[in-house]
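Student: Could you take me through the way helix packing and domain contacts are read from a set of coordinates?

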Amino acid sequence: MKKHNFSAGPSILPQEVFEKASQAVLEFNNSGLSLLEISHRSKDFVAVMEEARALVLELMGLTGKGYQALFLSGGASMEFVRVPYNFMTKSGKAAYLDTGTWAAAALKEAREFGDTIVVASSKSDNYNYIPKEYTIPADADYFHCTSNNTIFGTQMHSFPATEVPIVCDMSSDIFSRKVDFSKFGMIYAGAQKNMGPAGTTLVVVKEELLGKTGRHIPSILDYKQHIDKESMYNTPSVFAVYTSYLTLQWLKNNGGIEAMEKKNDAKAELLYAEIDRNPLFVGTAKTEDRSKMNITFLLNDASHNEQFDKLWKAAGISGLAGHRSVGGYRASIYNAMPIESVQVLVDVMRELEKKV
Ligand SMILES: *Cc1c(COP(=O)(O)O)cnc(C)c1O
């Protein structure tokens, strides 16, 4: 039986995407060849790359607005390095909002380059909220934030109004909700949370912001070179790009971001309502900053953990353990997760309540 997969990443994808991707591994486009054995420069794969890049901009409402979409390698962690290389001027500085492990990891890389300013941090409260009162210095080269904190279950429900270009790590909530993407200078997201398999990272960048740092950028780290080479500077992760492309098509055929947001709202509401109602459970994130993608919670009495673990495993649930740095439980309810699976989890929580 297929499990109800609440894994934080790599994570659930639509079943039809798994099927189509499997088929392409066996034979791609009736070519008599596998997707995995053809040149990335073959006509058929070049078309996939072009269409995937265009589809990203279309779904985000960025077509014709000066943005470029790229599928790069190295994970979101590589963008922690590429971002300062491409946006921090030689004598400049960058502003970072510290909202979690990934935000702090991005900051650490930028510190290798130059001046960084941490505009606010929620670290002392184990990152259980999103700081909101802070000032972004007007002379910063860019402001970096993490839209959704995968590990701590918090999410930015609004973004600051600033003239400084906003660079945002959207790895775990990309395409999950309506956002005015044109407010951002650059957006990046590792595919394996809400878009595809591990192995590629989506980068969406406003082209006019590039080429201003006055520093030499090694080719592989230079967004401009990746744009000039149409995201084929070197061999892309063909399988990850193709599978992401299938997921983007699925998204479009199922009503796009707007329809996803409605579904995601309903799923999050269902689970948070149970966490708040059920006296055995407590949410770990501050209510107003709760994530609609990664829902973190604990049992008030940890001696019930074992019994709860047995129940959800018996119900066919997988991937519910919290991140090793937080403990407790984390239900990741990305786009591809049906509300029926969330209901199974809620039923298990009610069953536990009856049993203890
Ligand atoms: C998972 C994650 C990362 C790290 O992604 P890699 O692709 O493993 O480098 C970075 N940021 C966020 C918000 C994440 O959820």
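Tutor: Let us begin with the angle classes: angles under 35 degrees count as roughly parallel, over 145 as roughly antiparallel, 65 to 115 as roughly perpendicular and the rest as oblique. The model is predicted, so local features need pLDDT of at least 70 and side-chain atom pairs count only at pLDDT 80 or more, while totals for chains, interfaces and linings use all residues. Residues are numbered from 1 along each chain as its sequence is written, and side-chain values use heavy atoms, with hydrogens and water left out.

Student: At what angle do helix 6 and helix 7 cross?

Tutor: Axes are lines fitted to C-alpha atoms, for helices over the stretch in contact, and angles run from 0 to 180 degrees between N-to-C directions; the helices themselves are DSSP runs (H or I, at least four residues), numbered from the N terminus. Here the axes of helix 6 and helix 7 (residues 256-277) cross at roughly 80° and come within 7 Å, and the two helices are therefore roughly perpendicular to each other. With contact meaning heavy atoms within 4.5 Å, Trp250, Leu251 and Lys252 of helix 6 meet Gly256, Ile257 and Met260 of helix 7.

Student: How do helix 2 and helix 6 pack?

Tutor: Helix 2 (residues 43-60) and helix 6 (residues 238-253) have axes 9 Å apart at an angle of about 45°, which makes helix 2 oblique to helix 6. A crossing is left-handed if the near helix is turned anticlockwise from the far one by less than a right angle, and right-handed if clockwise; helix 2 passes helix 6 in a left-handed crossing. The residues in contact include Phe45, Val48 and Met49 in helix 2 and Val238, Val241 and Tyr242 in helix 6.

Student: Which hand does the crossing of helix 3 and helix 4 have?

Tutor: That crossing is right-handed, and helix 3 (residues 75-87) packs against helix 4 (residues 101-111) at an angle of about 40°, with axes 8 Å apart.

Student: How much area do domain 1 and domain 2 bury between them?

Tutor: The size of an interface is often given as the accessible area lost when the parts come together. Buried area is the accessible area (1.4 Å probe) that two parts lose on being put together, summed over both. Domain bounds come from an automatic or database domain assignment, which gives domain 1 (15-253) and domain 2 (256-355). The contact takes 26 residues from domain 1 and 25 residues from domain 2, and the two domains bury about 2,200 Å² between them, 54% of it on carbon and sulfur atoms.
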